[in-house]
Protein chains: 2
Amino acid sequence: MGSNGKKEILALNAFAPGGGAALPAALDQMVTRRRRSFGATSVLFYDRPLHVVGARGATLTASDGTQYLDLYNNVPSVGHGHPKVVEAVRDQVGRLNIHSRYIIDVVDHYAERLLAHFPAPLTQVALTCTGSESNDLALRLARLATSGIGVVVTETAYHGNTAAVTEVSPSSYKKGGPPAFVRAVPPPHPAHYGADVAGGFAHAVADAVAALEADGHAFAALLVDTIFSSDGVHADPPGLLASAVAAARRAGGLFIADEVQPGFGRTGTHMWGFARHGVVPDIVTLGKPMGNGIALGGVVTRPDLLAQFAGAFGYFNTFGGNPVACAAGRAVLDALAEDGLMENARAVGAHIAERLAALRPACPAIGEVRGAGLYLGIDIVSAADGRADPEAAGRLINGLRERGILIGAAGPLGHTLKVRPPLCLTAAEADRFVGELGALLKG
Amino acid sequence: MGSNGKKEILALNAFAPGGGAALPAALDQMVTRRRRSFGATSVLFYDRPLHVVGARGATLTASDGTQYLDLYNNVPSVGHGHPKVVEAVRDQVGRLNIHSRYIIDVVDHYAERLLAHFPAPLTQVALTCTGSESNDLALRLARLATSGIGVVVTETAYHGNTAAVTEVSPSSYKKGGPPAFVRAVPPPHPAHYGADVAGGFAHAVADAVAALEADGHAFAALLVDTIFSSDGVHADPPGLLASAVAAARRAGGLFIADEVQPGFGRTGTHMWGFARHGVVPDIVTLGKPMGNGIALGGVVTRPDLLAQFAGAFGYFNTFGGNPVACAAGRAVLDALAEDGLMENARAVGAHIAERLAALRPACPAIGEVRGAGLYLGIDIVSAADGRADPEAAGRLINGLRERGILIGAAGPLGHTLKVRPPLCLTAAEADRFVGELGALLKG
């Protein structure tokens with residue numbers, strides 16, 4: 001636990017040096033080597049860190065030949081080593097890889113392909129390298145446009161790692177918390193808001209804005225991950241964001257939709273998480289799955305916001321939208337469409353939810369299951385009293401790793417298993433996961 | 001000019017929509033297309049933007065087949081399309097590309113190869129994606145370690161594009177300037193400090209620190225690009241930074257060396273710009289040339305600074321140090337050594353300086369030539385009175401483009417031609433540049 005009493009959720013399934021049983025000698029040397037070069041900011045997963053040498057589809061291969069089913073990695077979203085992406089990168093890196101202050105066909109073509117997936121008035125994009133850079137730029141756009149500084153986020157939000165973005169990421173603080181111009185509200189869930197989740201959430205946002213203004217911090221933006229991943233995965237009911245966005249706009253603020261987690265079809269029915277909720281943001285931020293592992297992010301927004309910003313600051317992102325990244329991004333859009341991955345996310349996600357519901361009577365440790373498409377949160381609770389049981393979640397994560405399945409946790413208490421695989425996950429692979437989970441819970 | 005009276009140096013050689021002669025129809029369509037998708041933050045180079053389709057070594061190829069000698073691009077530092085880098089990327093992208101919370105051999109091997117180039121106590125690295133992310137993290141480390149916020153930079157410094165890094169980049173402001181906790185000093189040059197450049201610069205840093213403290217902004221760090229690129233390129237005399245760094249440390253601050261521009265052998269005699277000055281920084285930031293175009297950056301520092309930071313904040317960089325980026329980074333280190341690029345930078349840089357000195361009597365527009373290795377600044381001045389002549393520099397940049405040579409400008413007034421080619425530039429290519437420059441100046 002951090003000294004602010006919150007579980008360090010990012011480290012929930014982390015290897016703790018000296019914290020468990022002795023590692024095999026070879027692995028111990030690798031862990032020591034890692035620690036020597038990367039120091040205290042380095043995090044390895046699992047009590048027994050994994051030595052990985054390859055990956056394909058939803059499978060990672062370890063150095064001992066063991067194959068692991070990957071329910072964790074959303075970056076290789078169209079599948080590890082997708083042939084279309086691999087071929088696009090291999091082709092472009094041999095031709096040209098440079099910044100975008102020249103006309104380069106793949107850069108302009110990719111931008112058009114990407115923007116075609118957005119509703120008006122979101123017609124322009126600034127390409128970056130990471131979701132962190134995207135959210136950092138989004139905050140700058142919103143603050144300049146509103147002359148405000150205040151931002152409303154959710155209690156366990158994570159939006160990235162720059163100085164400015166850390167300030168709007170309560171989950172990143174091990175001591176203390178965000179500055180006074182950032183206010184956090186509970187995520188949209190009946191436990192916090194009763195039956196009218198949408199109304200309650202909107203009310204909380206409006207109250208947070210009023211509190212900001214009362215303290216002299218002019219309101220700039222409501223910023224949410226539209227599937228509330230690090231808050232424990234909250235997707236329902238569809239449409240719930242509309243009232244909160246309206247409240248933010250009534251107060252003069254912008255709505256920034258962080259699509260780093262839900263974007264690119266993961267939720268199964270829409271390309272973007274905001275679309276599930278029937279809202280059109282002022283600014284959309286993109287990252288992780290955009291290049292299937294090649295660093296690529298972006299800010300999609302209204303032309304007037306970019307114009308105002310360009311009038312005040314010089315901005316250029318050297319690697320942002322380089323031809324190799326754009327070639328990868330274009331191949332991701334191709335793969336999503338050609339492989340039918342959004343529909344697969346919907347179908348396989350629904351299948352997992354059904355299988356979990358069927359498992360629950362025999363496994364009372366399975367609490368609520370939330371989510372959409374291939375982003376599910378599975379609460380792990382005490383069979384005795386139904387309370388959150390993060391220690392059991394941690395044991396499950398490491399137990400599944402020993403059974404060849406990779407998964408992580410989320411939520412303020414860390415008791416929510418996070419199912420977030422490559423979108424090519426098959427029903428058979430999903431069955432293997434549910435089967436092993438059941439075996440562990442019954443064992 | 002920006003409303004703060006400073007030339008917008010980043011846009012010096014930029015295409016201005018509607019600002020010049022009409023473009024050919026096909027090019028005009030491409031420019032319109034670019035502007036439609038990317039909006040106001042998009043910058044294209046030259047009065048006649050370049051449509052690029054390929055690159056090799058120090059040569060870019062345009063869509064009409066014209067080959068351009070590249071004196072601008074320092075990102076493809078070991079040469080455009082270097083076979084070692086291309087092969088490394090092609091191989092790794094087909095095997096595995098994922099975050100670094102697993103043990104992955106190429107990641108750990110690359111970190112050791114990189115760290116072997118640094119003096120004690122700089123023994124650990126946090127890998128990022130960009131120089132901006134590196135400087136953003138460096139500021140966080142320094143501010144946490146010192147409990148200060150004040151930073152001293154140079155007057156026309158550029159350190160990147162995040163919110164926090166823009167605050168320490170005076171050159172990014174089109175209106176106003178950095179916040180009060182950032183103080184800018186003139187770059188190290190006799191015009192500002194007289195004959196004792198080192199002493200004068202150190203004095204200016206000490207004064208800036210005192211002014212910060214007097215205004216209640218506790219001092220955190222001296223942050224400089226160790227070849228002062230955007231300030232107009234200032235490299236001499238070697239050793240000049242030592243007194244300023246000592247002054248910063250006496251005042252309780254750290255020294256952050258931004259090696260995004262001078263790093264990886266560019267200065268011809270040392271791997272890092274700080275080494276030319278005989279100082280060991282507390283924090284070193286890396287970016288642009290590190291992956292030859294694949295997004296890769298890093299913060300190399302002391303273990304205690306990373307440990308203190310990790311105690312306060314969760315930090316992870318999803319794409320930072322991914323296996324494809326590390327494979328590219330390792331190939332860059334190989335290419336630098338095997339191709340003898342640092343020595344080539346020294347020899348060809350010296351050759352250019354000699355040729356320019358020989359040209360000067362016939363071309364009085366050539367003013368001072370500064371720099372080290374393959375990072376040179378050539379002041380363009382009025383033949384009549386020796387004053388800075390940014391308009392002439394702009395004409396030369398576009399004139400050279402028409403003669404098949406790509407170059408940019410730097411400095412507070414924008415009158416300094418910036419020679420910053422791939423490090424594989426040959427003496428014959430250098431001669432071609434000097435020959436065309438002379439022809440333009442005499443014509």
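Biologist: Which residues touch the most other members of the largest nonpolar core?

Modeller: A nonpolar core is a set of buried Ala, Val, Leu, Ile, Met, Phe, Trp, Tyr and Cys residues joined through side-chain atoms within 4.5 Å. Buried means under 20% relative accessible area, exposed over 50%, and partly exposed in between (1.4 Å probe, protein chains only). In this structure the largest such core has 210 residues, and those touching the most other members are Tyr102(A), Ile352(A), Phe433(A), Tyr102(B), Ile352(B) and Phe433(B). This is a predicted model, in which local features need pLDDT of at least 70, side-chain atom pairs count only at pLDDT 80 or more, and totals for chains, interfaces and linings use all residues. Residues are numbered from 1 along each chain as its sequence is written, chains are lettered from A in the order in which they are written, and side-chain values use heavy atoms, with hydrogens and water left out.

Biologist: With which residues is Tyr102(A) in contact, leaving aside its neighbours within four places in sequence?

Modeller: Contact means heavy atoms within 4.5 Å. On that rule, the partners of Tyr102(A) beyond those neighbours include Arg34(B), Leu44(B), Phe45(B), Tyr46(B) and Leu406(B).

Biologist: How much area do chain A and chain B bury between them?

Modeller: The size of an interface is often given as the accessible area lost when the parts come together. Buried area here is the accessible area (1.4 Å probe) that two parts lose on being put together, summed over both. Chain A and chain B bury about 8,200 Å², 55% of it on carbon and sulfur atoms. On the chain A side, Tyr102(A), Ile103(A) and Phe319(A) lose the most area to chain B, together 10% of what that side buries. In terms of contact, 92 residues of chain A meet 92 residues of chain B.

Biologist: How many salt bridges does the rule find across this interface?

Modeller: A salt bridge is a side-chain nitrogen of Lys or Arg within 4 Å of a carboxyl oxygen of Asp or Glu. The rule finds 6 between chain A and chain B. One salt bridge joins the side chains of Glu112(A) and Arg36(B), at 3.7 Å, N to O.
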